[in-house]
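Hi,

Here's the structure I promised to pass on. Have a look, and then read on for what turned up.

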Amino acid sequence: MDGLKTPESLKTLILTEEDVKAILTMADTMRAVEHAFEMHGRNEIQMPPKVYLTFEKGDLRAMPAFLGGYAGLKWVNSHPENPEKGLPTVMAVLILNDPETGFPLAIMDATHITNMRTGAAGGIAAKYLARKDSKVFGFVGCGRQAYTQLDALLEVFSVEKVLAYDISSSHAEKFVSHCTELGIDAKAVDIREACNCDVLTTTTPSRKPVVKDEWIKEGTHINAIGADAPGKQELESSLLKRAKVVVDDMEQATHGGEVNVPISEGVIKPEDIYATLGEVIVGVKPGRESDEEITIFDSTGLAIQDISTASVVYENAIKRNVGLATRLFDFLPGR
């Protein structure tokens with residue numbers, strides 16, 4: 001952890017979830033994620049497609065990426081029935097490497113990183129695509145991800161009211177209580193009322209549309225977060241025809257994002273997708289152009305978001321002497 005570079009002294013930093021939570025703020029994450037999107041918009045990254053292992057009750061995904069001075073891999077699961085077993089739906093581990101030598105700089109819990117960077121992506125998207133005067137925020141799905149989505153939105157907007165819906169009324173009420181503790185006027189509502197807002201965030205694992213086209217008024221921005229694998233869909237397909245659709249990554253979105261089902265149905269074509277968020281951030285294409293247009297951000301979750309955020313975690317850990325530094329290898333002559 002002292003920055004020594006000789007082979008005999010190089011150590012790998014081990015960071016637990018508790019370590020990561022102690023040194024990663026939402027403001028840090030927002031900066032890291034916006035930087036990742038910017039580099040994506042400039043084509044200054046490497047990010048092969050996710051590799052999936054699919055099981056009866058979930059999946060595992062390998063997510064490699066390189067940007068800036070760091071490379072790495074996140075190994076992450078999605079198992080929707082896990083909460084019934086007392087486990088998180090998503091758990092992840094990340095290996096952060098030095099691109100110059102390949103040395104593993106850190107091995108860290110990435111469950112919290114995943115939650116934070118996904119929330120940050122929604123916040124960054126709303127920053128560029130939502131109306132600046134947005135005050136009412138709807139949530140369809142009030143699980144763990146709703147909390148970090150709200151945290152990120154609070155970095156950008158003055159959130160005056162939250163309308164919360166979840167298939168589990170207890171989840172909705174718990175989220176409402178959290179909002180109330182933050183001084184936000186919040187209430188649990190039916191799904192249609194939750195959609196009557198300025199910014200709508202959907203975070204469900206649904207494989208059939210839960211948000212109907214007719215419920216969405218002009219000027220709404222939607223962060224569609226839940227669809228991150230083939231066959232998943234939260235929004236009625238016809239809604240995408242009315243909207244300006246911005247994706248995090250074209251290849252990932254068309255194969256497993258919110259647009260994947262409408263494209264497979266022929267409702268929209270890949271060329272109907274307006275832009276990537278990176279293109280909007282770097283100015284290749286404008287974001288919101290009127291108060292009346294409907295905008296949708298299709299978030300699939302990018303490995304560059306993880307690596308950019310993990311680099312901040314690693315650098316903060318070094319500065320604050322957090323984590324356990326250990327030698328994983330014996331650097332002997334001839335090896």
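By class, 16 nonpolar, 19 polar and eleven charged residues line the largest pocket (nonpolar is Ala, Val, Leu, Ile, Met, Phe, Trp, Tyr, Cys and Pro; charged is Asp, Glu, Lys and Arg; the others, Gly among them, are polar). A pocket here is an open set of points on a 1 Å grid over the protein atoms alone, where a 1.4 Å probe fits, with protein on both sides within 12 Å along at least five of seven lines; lining residues have an atom within 4 Å of a point.

Bear in mind that this is a predicted model: local features need pLDDT of at least 70, side-chain atom pairs count only at pLDDT 80 or more, and totals for chains, interfaces and linings use all residues. Numbering starts from 1 along each chain as its sequence is written, and side-chain values use heavy atoms, without hydrogens and water.

Back to the pocket: 46 residues line it, with Thr89, Gly143, Arg144, Thr203 and Pro205 nearest its centre. Domain 1 (9-113 + 303-326) and domain 2 (130-298) each give at least three lining residues; the bounds come from an automatic or database domain assignment. The largest share, five residues, is from α3 (helices are DSSP runs of H or I, at least four residues, numbered from the N terminus).

α3 also meets α4: their axes come within 7 Å and cross at roughly 45° (axes are lines fitted to C-alpha atoms over the stretch in contact, with angles from 0 to 180 degrees between N-to-C directions).

Cheers

How values were computed. Helix = DSSP H or I, 4+ residues; strand = E, 2+ residues; numbered from the N terminus.
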